[in-house]
Amino acid sequence: MSSPTGPASGLPVRMPRPRQSGRHRRPEPAVAPEGAPALVLAVPGAPGSAPRSLAEEVISIARSELPGLDARIGYLDGDDAEYPSLGSVLAHAATERTARYEQALAAGRDATEPQGVVAVVVPLLAGPENALMRRIRQAVMDSRAAAELTDVLGPHPLLAEALHVRLSEAGLARADRARLFTVTTAADGIILATVGGDEAVQAAGITGMLLAARLAVPVLAAALDQEGSIAAAAEELRGSGSAQLALAPYAIGPEVPDSLLETAVKEADCATAEPLGAYPAIGKLVLSHYSTALGIAPQQQTQGAPVR
């Protein structure tokens, strides 16, 4: 048992490692610049415990990459304290910044009047779902907060990696390219299922090419929300020689109703992987979009780079 002042006698005491010097010294961990705008994760779909858990995990990943990050969650369809709407989260962030300024003045401290963006809104979307993006954009405008809205997370090589992992977890793809570990149930054709119509399919196709290169099997993108799109992709793959297909949802999760995925699996008559969910790459991409919006390079984050 440890005493109030330290560990019990006989137990090792962990001492901090001395800081390395010279050109081989490890870089100091990045921290969020003081006074940086909040990162607000815009979560589409119906609020609930599952989307909240997913969003909280994504935020946790982002905070682990950038300690001190002020990160919040706003639900596109939220309407209460448990699931606050995107607009109310942005309005609250703006009110907080004004309150801090007024408190500083009242205390006689030097304070600069708040300027610039109060928050950076990152949509929790893998692809360009236009209807949802229009609603997110409108919510940002209606909040009257000085907020900047980033683009969606894809296409990106990290999403191809995440898709590969989800397929391998379902036993539908090789888990390790280097050792060519084989899976007897591995698919020889992948349907990359997205939402958002033709534009989303085109964007998903870019990530699909990266996934095809990883797996060495054909990958076709198709729209979950377009009638016949999934079935047509399945027919094309089978017509080109693929006998064992797999459905890979190019979606994080909350933006796609379960009924759409269930219908797609029946239409394609094949096995399916899980949506991307809170794969670590999602949190890293969210943070990357936040940093890019503010013009903060990773090496600048430790230097307190000015924030626009």
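**Strand, sheet and helices**

Modeller: This is a predicted model. Strand β1 is mostly covered, with six of its six residues buried.

Biologist: What is the order of the strands in the open sheet?

Modeller: The sheet has four strands, and the pairing is parallel. Its edge strands are β2 (71–75) and β4 (147–149), each pairing on one side only. Neighbouring strands are turned by 25° against each other on average, direction ignored. The order is β2-β1-β3-β4.

Biologist: How many bridges join β1 to strand β3?

Modeller: β1 covers residues 38–43 and pairs with β2 in the parallel sense over five bridges. On the other pairing, β3 spans residues 119–123 and runs parallel to β1. The number of bridges joining β1 to β3 is five.

Biologist: Which residue in β3 stands opposite V40?

Modeller: A42 stands opposite G74 in β2. V40 has R72 opposite in β2. In β3, the residue opposite V40 is V121.

Biologist: Which strands does helix α1 touch as it packs on the sheet?

Modeller: Helix α1 runs over residues 49–65. Its direction makes about 155° with that of β2. The strands touched by α1 are β1 and β2.

Biologist: At what angle do the axes of helix α4 and helix α5 cross?

Modeller: Helix α4 holds residues 157–169 and helix α5 holds residues 197–215. Their axes come within 9 Å. The crossing angle is roughly 55°.

Biologist: Which residues in α5 does α4 meet?

Modeller: From α4 come P157, L159, A160, E161, L163, H164 and L167. By class, the contact has eight nonpolar, two polar and two charged residues.

Biologist: Is L261 buried or exposed?

Modeller: L261 is found in helix α7, residues 258–268. Its relative accessible area is 15%. The cut-off for buried is under 20%, so L261 is buried.

Biologist: Which residues does L261 touch, not counting those up to four places away in sequence?

Modeller: One distance comes before the list. L261 and T194 are 67 residues apart in sequence, and their C-alpha atoms are 9.8 Å apart in space. The residues touched by L261 are L224, P249, V256 and P275.

Biologist: What percentage of the residues of the chain count as buried?

Modeller: The secondary structure comes to eight helices and eight strands. Among contacts between residues at least 6 apart in sequence, 73% join residues at least 24 apart. The chain has 308 residues, and the part that counts as buried is 44%.

Conventions
Residues numbered from 1 in each chain as written. Predicted model: local features only at pLDDT ≥ 70, side-chain atom pairs only at ≥ 80, totals over all residues. Heavy atoms only, no water. Axes fitted to C-alpha atoms, helices over the stretch in contact; angles between N-to-C directions. Helix = DSSP H or I, 4+ residues; strand = E, 2+ residues; numbered from the N terminus. Contact = heavy atoms within 4.5 Å. Nonpolar A, V, L, I, M, F, W, Y, C, P; charged D, E, K, R; others polar. Buried < 20%, exposed > 50% of the residue type's maximum accessible area, 1.4 Å probe, protein only. Pairing = 2+ DSSP bridges.
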